[in-house]
Amino acid sequence: MKIVGISGSNVGNKTRIAMDYTLNKAREEYPDAEITLLDLAEYEMVFSDGRNYWEYDGDTKYVTETIMGADAIIIGTPVFQASIAATLKNIFDLLPVNAFRDKVVSILVTAGTPKHYLMAEQQLKPILSYMKAHIVPTYVFIEEKDFYRNEIVNDDILFRIERLVEDTVLLVDAYVKIREAKDAQYDF
């Protein structure tokens, strides 16, 4: 199983801290999984200009092809101006409309205030649904107060991150079994 974590901003560090914890938990629990972090702050991405993702080169090609090759994607995004980061939106624009077909996608959000709790429901989930993702229904929302000295200090958040990882992997396994059963129907 290939799991890709996306730290969806090119500024700040809270989302990266949360993604590091999340992917370390995934590595502990699922040592056979191939786990990759794409921290968008570490790549020189170009803006989408309508080409197919494989026509780009450099970091843009690497990031989009890594996402397209994943079985599961854990998206981490901060909230900027009550919305997702522009760097993350650009990733969605670079990918085809069916990019997440047969992929499980889970969500982790960092924000300064609880006022933006529904941003994932109202903005991110509709984009992922449009792109045909199997979305893990629950997501983790982490506020500024849940961090102290570059660590997550809220035990409930840590528990929910562990559960998010587990739900993501279980959902991948479930969809694999469903596809195998459907394929078996048509084997003669």
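This is a predicted model: local features need pLDDT of at least 70, side-chain atom pairs count only at pLDDT 80 or more; totals for chains, interfaces and linings use all residues.
Residues are numbered from 1 along each chain as its sequence is written, and side-chain values use heavy atoms, with hydrogens and water left out.

View 1. Helices (H or I, at least four residues) and strands (E, at least two) are DSSP runs, numbered from the N terminus.

**View 2. Asp39 and Arg16 form a salt bridge.** Their side chains meet at 2.6 Å, N to O. A salt bridge here is a side-chain nitrogen of Lys or Arg within 4 Å of a carboxyl oxygen of Asp or Glu. By this rule the model has 13 salt bridges. Asp39 sits in strand β2 (residues 34-39) and Arg16 in helix α1 (residues 14-29), so the pair links distant parts of the chain, 23 residues apart. Asp39 is buried at 6% relative accessible area. Arg16 is partly exposed at 25%. Buried means under 20% relative accessible area, exposed over 50%, and partly exposed in between (1.4 Å probe, protein chains only).

**View 3. Asp102 and Arg179 form a salt bridge.** The N to O distance is 3.7 Å. Asp102 lies in the loop between α3 (86-94) and β4 (104-111), and Arg179 in helix α5 (residues 155-185), so the pair ties together parts 77 residues apart in sequence. Asp102 is partly exposed, at 38%. Arg179 is partly exposed too, at 27%.

**View 4. Asp49 and Arg51 form a salt bridge.** Their side chains meet at 3.0 Å, N to O. Arg51 is partly exposed, at 36% relative accessibility.

**View 5. Thr168 lies in helix α5.** Thr168 is buried, at 1% relative accessibility. Leaving aside neighbours within four places in sequence, Thr168 is in contact (heavy atoms within 4.5 Å) with Ala72, Ile74, Val104, Ser106 and Val136. A polar contact of 2.9 Å joins the side chains of Thr168 and Ser106. Such a contact is a pair of N or O atoms within 3.5 Å; within protein, one must be able to donate a hydrogen and the other to accept it, and residues adjacent in sequence count only if both atoms are side-chain atoms.
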